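Please read it alongside the sequence and the model.

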Amino acid sequence: MRRRRPEPFTVISAVVALVLVAFVLVPVISMVVEAGAGFLGQALRQNDVRRSLWLTGSSALIATGLVFACGVPLAYLLARRRFPGKGLVEGLIDLPIVFPHTAAGIALLTVYGRDGVLGRLLAPLGLTFTDSVAGIVVAMMFVSLPYLVDTAREAFALVDPRYEHVARTLGSSPAGAFFRVSLPQAWRGVLAGALLMWGRGISEFGAVVILAYNPKIIPVLVFERFEGFGLHSALPPAVLIMIVAFVVFVVLRAFLVPRRRGTRREDDR
Amino acid sequence: MIGLDGLRVRGGRFVVGPVDLHLAAGDYCGLVGPSGAGKTLLLEAVAGIRSPVAGQVLVEGQDLTGTPPEKRGVGLVFQDGLLFPHLTVAGNVRYGLRRRAVASLDGLVRDLGVEELMERSPGSLSGGERQRVALARALAPGPRVLLLDEPLSAVDGEAREELREMLQRVTRRRGVTVLHVTHDVGEMFSLANTCAVLVDGGLRQVGTPSEVLRRPVDEDVARLFGARNVLRVARPPQGDGRTVLLEGGSPVRVGEPVHAAEALVVVRPEDVTLVLSGRAAGGGGAEGGASEPNLLKGRIERVVSHGGHSLVRVMVPPAIEVSVPSREVGRLELETGAEVELRFSPEMVWVLPAQG
């Protein structure tokens, strides 16, 4: 059987798409090549890199967990309910996406800094945000929460609310319908949002560097090494964080995030 | 058993009601209306999913208007079944049951023929199977009222017929009161003993299906129930009030005296007999009544086949449609332009007040 020749439109689309893929791929490959063989071992042998890697991943994880606890209920409400000021809330949640992150750091400093409202309030309890892990977490939360909330909202919106109506008539309370019917159907999307948020968190620089320069997360360490010692010193931590992010993303997405419901490809038929 | 007292429900700018509807225990009520009439809104209010803006929902005399859905004892089945996709069929059917009550499911799953499906996932079921499982899931907790929102419309052919029979059998056996939303009048006739007609958010008529068919309260209800000939009366009735002059000049005898100055005359296509050169072709109206039948002459304007029967439009004037078995259309060579005679009994003519 003869295969059909691809349509010119498909060919043009593929070529244009390849340009974009190359745009992402070439710098990544170039960085790895530049780092040279053995860069991974070299990077992991450096104490500050190991500490920084652990700090970056764990801070982003804590930030994601905290936003998850409040963001999932918010995402559900945004997907299901109409309420006064809903548009405003949606706009506010998305604000960090368009906010320059150094400006976000300044804004956070006015609240969580030593002279900020919460900074002063929480200092007697031993919780300080400037140059502390708490500050890193707050900065990561602020800039990356839209990724979790928006993705989770979309996931809940894809679940027909009538499933919950049926569950209610079968004896479930609103919370029961959420946990037994909506969340099990939306969890992959919610988890994808959490993953995106974590990924955005580990790459944050601008807000963190203003609020908590120390202890150093990987982006700050890369910046500091580049400024102080040049490109070759900055490469090992840079390549390391890229590999960690890549592996986590690829593995988790493959297992957790199937193709979106409702989307069809030409060759699905 | 179930009573709706002055119930008003809002969906955006659209308001349904006030609706007053009372059903006895075990009644099977077909809630019929065209698309957009507000049937589903009303059903949601009875289920407790939507709060009414006024009125009451009573079940066994108990006011449930402010009661949440999970405490109403009401089962709900949607058109597309809406089985929980993350659970197996067994998980779906058992969803509303406490652990100890699972053993009582045997009879229900047998009656609905879902025994063999219990370990399957909802995605692997056919449309008819899905609806049977949805029905089992809704009935499993033993609801007092079953609400069905177009439960047969996503199922075709034999599966639809099978599901209809199961629905009838299972609901009767369990004595559950049913409110079944449909826009399919035939479906309602085959299942319901009570019919409620909702048009443009208003409950127009409640009665037995045959009452609504034979005695529609207005033109909308008449047309919804397939009365294609709703004819305007040109002049108030004379003499004994039983003869009216239709627009177009044709006189028609009616079964009961007409008192309204402005009225509409309803003649169902299947109640008219079409005669060509002395041969009867269709309908049974001419022989149906004791009094002298109406005889009108006209010319065929068009013949439209609907499978087993055809609708023949005859210009008298006015234009009157007659239902004729399709095999007769061929046998009698009913063609456009042919001159024919229409016969129908005065008892088969229903008079309505003209709508504003």
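Which residue forms a salt bridge with Arg162(A), the closest N and O atoms being 2.9 Å apart? The partner is Asp160(A), where a salt bridge is a side-chain nitrogen of Lys or Arg within 4 Å of a carboxyl oxygen of Asp or Glu. This is a predicted model, in which local features need pLDDT of at least 70 and side-chain atom pairs count only at pLDDT 80 or more, whereas totals for chains, interfaces and linings use all residues; side-chain values use heavy atoms, with hydrogens and water left out. Residues are numbered from 1 along each chain as its sequence is written, while chains are lettered from A and ligands numbered from 1 in the order in which they are written.

**Chain A overall**
- Chain A has 12 helices and 0 strands, taken as DSSP runs of H or I with at least four residues for helices and of E with at least two for strands, numbered from the N terminus.
- The C-alpha trace of chain A spans about 65 × 60 × 30 Å along its principal axes.
- Of the 269 residues in chain A, 39% are buried, a class that means under 20% relative accessible area, against over 50% for exposed and partly exposed in between (1.4 Å probe, protein chains only).

**Interface with chain B**
- Contact, meaning heavy atoms within 4.5 Å, links 19 residues of chain A with 19 residues of chain B.
- About 1,700 Å² is buried between the two chains, 64% of it from carbon and sulfur atoms; buried area is the accessible area (1.4 Å probe) that two parts lose on being put together, summed over both.
- On the chain A side, Arg162(A), Thr169(A) and Leu170(A) lose the most area to chain B, together 38% of what that side buries.

**Salt bridges across the interface**
- The rule finds 2 salt bridges between chain A and chain B, one of which pairs Arg162(A) with Asp80(B) at 2.8 Å, N to O.
- Glu70(B) forms a salt bridge with Arg168(A), with the closest N and O atoms 2.7 Å apart.
- Because Glu70(B) lies in the loop between β5 (62–63) and β6 (74–77) of chain B and Arg168(A) in helix α8 (residues 161–169) of chain A, the pair joins two chains.
- Arg168(A) is buried, at a relative accessible area of 18%, whereas Arg162(A) counts as partly exposed at 22% relative accessibility.

**Salt bridges within chain A**
- Asp150(A) and Arg153(A) form a salt bridge with the closest N and O atoms 3.5 Å apart, and both residues are buried.
- Both lie in helix α7 (residues 133–157), 3 residues apart, about one turn of the helix.
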